Amino acid sequence: MGWYRNAINVGNDIKNKTSILQFDGAMSNAEVYVNGQKVGIWPNGYNSFYFDVSDFLVPGENTIAVRLENQPESSRWYPGAGLYRNVHLSISNKNKIAHWGTYVTTPTITPEYAKVNVKTSLEIDKNSKSQFALVQTIYNKEGQEVAQIKEVVGPYDINKKNQSINLPQPKLWSTEIPNLYTLKSDLYEDGKLVDSYKTTFGVRSLEIIPDKGFFLNGQKTVFKGVCIHHDLGPLGAAVNEAALRRQVRIMKDMGVNAIRTSHNMPAPELVKICDEMGMMLMVESFDEWKVPKMKNGYNLYFDQWAEKDLVNLIHHYRNNPSIIMWCIGNEVPEQYTAGGSKVARFLQDICHREDPSRPVTQGMDNPDAVLNSSFASTMDVAGFNYRPFKYPEAYKKLQQQIILGTETASTLSSRGVYKFPVTRKSMARYPDHQASSYDVEHCSWSDLPEDNFIQHEDLPYAIGEFVWTGFDYLGEPTPYYTDWPSHSSLFGIVDLAGIPKDRYYLYRSHWNKAENTLHILPHWTWPGRERDTTPIFVYTNYPAAELFINGKSQGIQRKDTTINVYNSGNKESLGNLERQKRYRLMWMNTVYEPGIVKVVAYDDAGNIAAEKSIQTADKATRLELEADRNTLQADGKDISFVTVSLIDKNGNFSPAEDHELQFRVSGQGSFKAVANGNPASLESFQEPKMKTFNGKLVVLIQSTDKPGDITLEVKGKGLKTQKIKLKS
Ligand code: GAL
């Protein structure tokens with residue numbers, strides 16, 4: 001249980017104002033007090049909520065207090081605790097535009113103009129004798145005014161004004177060019193400006209066409225998506241914009257075009273970042289409805305709070321162009337209970353009522369149950385978690401004629417860990433509590449990346465997937481469930497420190513069409529494996545490649561494009577690496593000898609397109625430091641993520657040894673946290689020391705609120721001390 005108190009000063013005219021206190025998220029069971037008086041409660045720890053505290057504030061000093069308490073057994077993953085997101089107080093005149101009171105849609109889009117529909121909720125004293133007018137001005141990205149309408153607010157408009165604005169030559173929001181507009185809504189009372197409210201929006205169209213797919217701005221778009229939990233690894237659940245931006249940047253480089261905010265309401269910062277960076281969002285509300293998954297989970301609150309929670313979520317984010325779909329649930333047990341479809345319908349109806357512009361889905365993991373009842377057919381979009389081999393059956397039975405992979409893969413791997421012999425395995429467990437980075441291991445209910453690629457490439461009605469998960473997260477160390485000291489997941493394509501695993505390059509080779517990928521695995525430093533079979537995999541967008549070990553050709557491998565979803569769907573291919581042959585190049589019989597592994601990639605015409613080599617490393621003698629950003633904002637919040645690697649005397653990365661390192665920060669910054677991505681490490685994220693994990697770790701440096709130079713110094717026994725200079 002935690003109490004937060006804060007003293008704030010407000011002006012003498014506070015009683016003539018409306019004061020709104022907004023929490024972006026408070027974990028959990030918030031009780032809010034102002035000057036000792038209880039203002040309200042909000043159980044859901046992820047949702048944003050607000051209270052009108054006008055009657056509670058007094059001129060001068062006020063105390064705001066919040067009590068938070070997480071119940072045991074209330075979450076299947078690490079939820080964080082406390083005030084982990086921002087709190088805002090906004091004070092305005094009594095006659096005003098309501099909080100979250102605008103709803104902007106773009107129902108008609110042509111190259112010449114877009115029709116921008118604005119519904120504005122007004123809070124105007126009904127007995128007022130004043131004349132009110134609403135001026136809506138649209139500004140482009142550069143801040144120039146591009147459209148405006150001025151209208152008197154008549155008696156019928158009190159509470160809600162409905163307007164259409166003609167926006168000439170609209171620039172669309174897309175994942176490639178995320179163009180944004182700002183709508184400024186100004187409310188005038190007897191010619192005097194009394195409130196001004198800004199809404200960010202985008203001009204873009206969404207459409208789902210049966211049998212054809214999902215269309216963004218009229219272009220068929222397959223979801224190359226990832227599920228992401230809200231925690232930020234070593235930062236815990238506390239929101240941080242730099243950390244979120246880095247996540248989106250890393251995902252975009254992999255070719256991701258959509259994120260599912262599993263399984264809860266996102267931080268507003270993430271939504272803003274996705275608007276700005278061009279990342280679609282499927283925003284989820286619940287992991288649990290009325291039937292419990294966890295003893296003290298949301299089931300305790302569902303009846304009383306589900307509608308309020310969903311309405312808040314939608315009102316908060318319905319203008320954000322990045323959000324393309326609402327997801328009302330994840331693997332809820334209502335899938336197989338009598339009346340489950342009614343609950344689905346109830347929630348979907350709320351979404352339609354509050355925002356008719358977006359489709360609604362949910363993640364279902366019991367295909368047999370949901371296809372044999374009305375559960376799946378109730379949804380706008382039928383979303384399936386895992387079991388992609390059931391998609392054709394689902395397609396035959398469903399009237400929507402569209403299938404979404406709301407959650408896929410759950411492939412397991414640990415960065416830099418390779419297990420021999422290399423065979424496909426389900427629920428494999430090892431004494432070191434890791435999983436193989438050959439990307440051949442998964443859970444009993446799940447599979448490998450390619451088992452999903454093939455569906456969404458070959459089935460015209462499969463509209464894409466959301467991989468479990470983009471990043472490792474705190475909690476759920478499946479398959480080591482309760483095996484101490486495992487404490488974070490192995491599902492991530494990127495580890496808990498934000499360092500890509502090999503799998504990252506497999507997704508990148510298939511998803512990122514704008515860049516070339518050529519990646520070799522495993523590393524080639526295997527003292528003791530001399531003469532042992534050590535398979536080599538290459539992840540590349542090129543169709544073929546030749547492999548050399550110390551100059552000796554190991555032959556050419558070519559992606560087998562004769563394999564398709566129809567001719568490979570048998571039991572054997574689901575249990576072996578048959579389908580993988582279409583997407584990865586595998587030399588299964590290569591033998592380890594120290595030296596150089598070189599890969600030469602060929603394009604479609606058989607010409608050499610790219611080359612890459614890796615080399616057996618010597619003992620590490622020094623460190624390499626690389627910052628994701630060298631210049632920070634001097635705002636006391638910004639973070640630079642510095643990757644530290646062990647390097648041998650020849651300049652090669654040394655992947656097979658580990659050292660404990662110490663960190664010292666001087667100048668206008670401080671040590672914030674450190675992570676190595678080891679899901680079984682017990683080291684603290686907050687101590688300025690940590691052991692590398694397979695040769696790497698990441699140090700987080702935070703700026704102060706004063707501009708200046710920042711230096712990080714990294715030391716380790718037997719290694720040359722290394723410094724990196726940053727600026728804020
Ligand atoms: C799914 C579930 C996720 C996560 C995942 C692990 O069934 O929706 O939250 O638990 O399994 O594979």
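A polar contact is a pair of N or O atoms within 3.5 Å; inside the protein, one atom must be able to donate a hydrogen and the other to accept it. In this predicted model, the side chains of aspartate 472 and serine 489 make such a contact, at 2.8 Å.

- Aspartate 472 is located in the loop that runs between strand β28 (462-468) and helix α9 (502-511).
- Because buried means under 20% relative accessible area, aspartate 472, at 5%, counts as buried.
- Leaving out residues up to four places away in sequence, aspartate 472 touches Ser489, Leu490, Phe491, Gly492, Val494, Asp495, Leu496 and Lys501.
- Helix α9, at the end of this loop, is mostly covered, with nine of its 10 residues buried.
- Among the buried residues of α9 are the charged residues Asp502, Arg503 and Arg508, and also Tyr504, Leu506 and Trp511.

**The ligand and its shell**

- The residues around the ligand are Arg76, His263, Asn330, Glu331, Asn385, Tyr386, Glu407, Ser410, Trp445, Trp468, Glu476 and Phe491.
- By class, this shell has four nonpolar, four polar and four charged residues.
- Tryptophan 445 places a polar side-chain atom 3.1 Å from an oxygen atom of the ligand.
- The ligand taken alone exposes 310 Å², and the protein buries 93% of that area.
- Phe491 belongs both to the shell around the ligand and to the residues that aspartate 472 touches.

**The nonpolar cores**

- In soluble globular proteins, nonpolar side chains tend to be buried together.
- Here, the largest nonpolar core has 158 residues, and Met251, Trp289, Phe384, Phe663 and Leu712 have the most contacts inside it.
- Helix α3 (residues 302-317) supplies the largest share of this core, eight residues.
- A second, separate core of 29 residues includes Leu216, Ile463, Trp468 and Phe491.
- Trp468 and Phe491, named in this second core, are also among the residues around the ligand.
- Apart from its neighbours within four places in sequence, methionine 251 is in contact with Val226, Ile228, Val256, Met279, Gly470, Phe471 and Val494.
- Val494 is in contact with methionine 251 and is also touched by aspartate 472.

**Glutamate 713**

- Glutamate 713 is part of strand β42 (residues 709-716).
- With a relative accessibility of 13%, glutamate 713 counts as buried.
- Beyond residues up to four places away in sequence, glutamate 713 touches Gln662, Phe663, Arg664, Thr721, Gln722 and Lys723.
- One of these, Phe663, is also among the residues with the most contacts inside the largest core.

**Lysine 15**

- Lysine 15 is placed in the loop between strands β1 (2-10) and β2 (17-23).
- Its relative accessible area is 43%, so lysine 15 is partly exposed.
- The side chain of lysine 15 reaches the backbone oxygen of leucine 57 at 2.8 Å.
- Not counting residues up to four places away in sequence, lysine 15 touches Ser54, Asp55, Leu57 and Lys94.
- From C-alpha to C-alpha, lysine 15 and glycine 143 are 35 Å apart in space, and they are 128 residues apart in sequence.

Technical notes: Residues are numbered from 1 along each chain as its sequence is written. This is a predicted model: local features need pLDDT of at least 70, side-chain atom pairs count only at pLDDT 80 or more; totals for chains, interfaces and linings use all residues. Side-chain values use heavy atoms; hydrogens and water are left out. A nonpolar core is a set of buried Ala, Val, Leu, Ile, Met, Phe, Trp, Tyr and Cys residues joined through side-chain atoms within 4.5 Å. Buried means under 20% relative accessible area, exposed over 50%, partly exposed in between (1.4 Å probe, protein chains only). Helices (H or I, at least four residues) and strands (E, at least two) are DSSP runs, numbered from the N terminus. Contact means heavy atoms within 4.5 Å. A residue is near a molecule or strand if one of its heavy atoms lies within 4 Å of it. Accessible areas come from the Shrake-Rupley method with a 1.4 Å probe; for residues, only the protein chains shown count as cover.
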